Amino acid sequence: MLAELTRSPAIAQERAVVTAHEQVGEGLYELWLASFGLAQALPGQFVHVRCGEATLRRPFSVHRTRPDAAALLYQVKGKGTRWLSTVRKGQTLDVLGPIGRPFSPPVPGERLLLVGGGIGMAPLALYAEQHARVLRGRVLAGFRSQSLVAGLAPCLASELAVTVVTDDGSSGRQGLVTDGLADTLLAEGITRVLTCGPEGMMRAVAAIASAHGIPCEASVERPMACGIGVCLGCVVPVHGADGRVHYERACQEGPVFDAREVVW
């Protein structure tokens, strides 16, 4: 069963001070915000950030937390993130969060497989960080090349084994992160899979996990206008209990869904 939120559904808006901001890869940045509220984020939840004068906010998964701060790991892809990359330490950002349904916490006896693709490693890293003492299993982290490898420190510091896969073989194993996934599930005795990354990758991960009868949770990415469930611009088609396809909001019922229910 997917995690239920353990705090008030009220979403806080604040101006958070940037305490650190550094480039960690090719077009990749880690940005820390001083905020007790954001520091309470659970793995899989996100922050909605106003980027300059842009009309719409941008959603970013929470990547790491400290008692009074939270970090975002992001990649420059468009106007909003390009503006964000110019923000300096000491400036403030208008943020909403933490928002959304997180990954389910580990339970005793589980062996988990965390499968991330690119910037999708962000919420999985937070999962490894917050549950480091009890996690057992493995991380499969896929990237296009070595210059894009980022966000692995919390995973390396946990009890999870970490395998890096790159498309071009410039770091770790060459290939796709889904190569040999079925063998890994069996060899490692995996009982649950968590995944975040490109939709095609997650679709493949979900299908392989389903074929082996293993539960899988997926954190989906959708463009978001309001981020608070009003605009219905981030809906995800899911199979309902009645057998029909329903639409649920990635910002409220997600972003983490039972991958078996998602209409990929």
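**Exercise 1.** Work out how exposed Glu 199 is in this predicted model, and find its salt-bridge partner.

*Solution.* Start with the number: Glu 199 has 31% relative accessibility. Buried means under 20% and exposed over 50%, so Glu 199 counts as partly exposed. Next, look for the partner: the side chain of Glu 199 meets that of Arg 222 in a salt bridge, at 3.1 Å from N to O. Now place the two. Glu 199 sits in helix α5 (residues 199–211) and Arg 222 in the loop between β12 (216–219) and β13 (235–239), so the bridge ties together parts 23 residues apart in sequence. Last, check Arg 222: at 18% relative accessibility, it counts as buried.

**Exercise 2.** Take the salt bridge between Arg 57 and Asp 94 and say which parts of the chain it links. Are its ends buried or exposed?

*Solution.* The N to O distance here is 2.8 Å. Arg 57 belongs to the loop between β3 (46–49) and β4 (58–66), while Asp 94 is in strand β6 (residues 92–99); that puts them 37 residues apart, in distant parts of the chain. As for cover, Arg 57 is buried at 8%, and Asp 94 is buried too, at 13%.

**Exercise 3.** Now go through the rest of the charge picture: how many salt bridges are there?

*Solution.* Begin with the side chains: 25 are positive and 24 negative, and the centres of the two sets lie 5 Å apart. The salt-bridge count comes to 9. Glu 253 and Arg 249 form one, at 2.7 Å; Glu 253 is partly exposed at 24%, and Arg 249 is partly exposed at 23%. Finally, Glu 110, Arg 192 and Glu 217 join up in a network.

Methods:
Residues numbered from 1 in each chain as written. Predicted model: local features only at pLDDT ≥ 70, side-chain atom pairs only at ≥ 80, totals over all residues. Heavy atoms only, no water. Lys, Arg positive; Asp, Glu negative; His and termini not counted. Charge placed at Lys NZ, Arg CZ, Asp CG, Glu CD. Salt bridge = Lys/Arg side-chain N within 4 Å of Asp/Glu carboxyl O. Helix = DSSP H or I, 4+ residues; strand = E, 2+ residues; numbered from the N terminus. Buried < 20%, exposed > 50% of the residue type's maximum accessible area, 1.4 Å probe, protein only.
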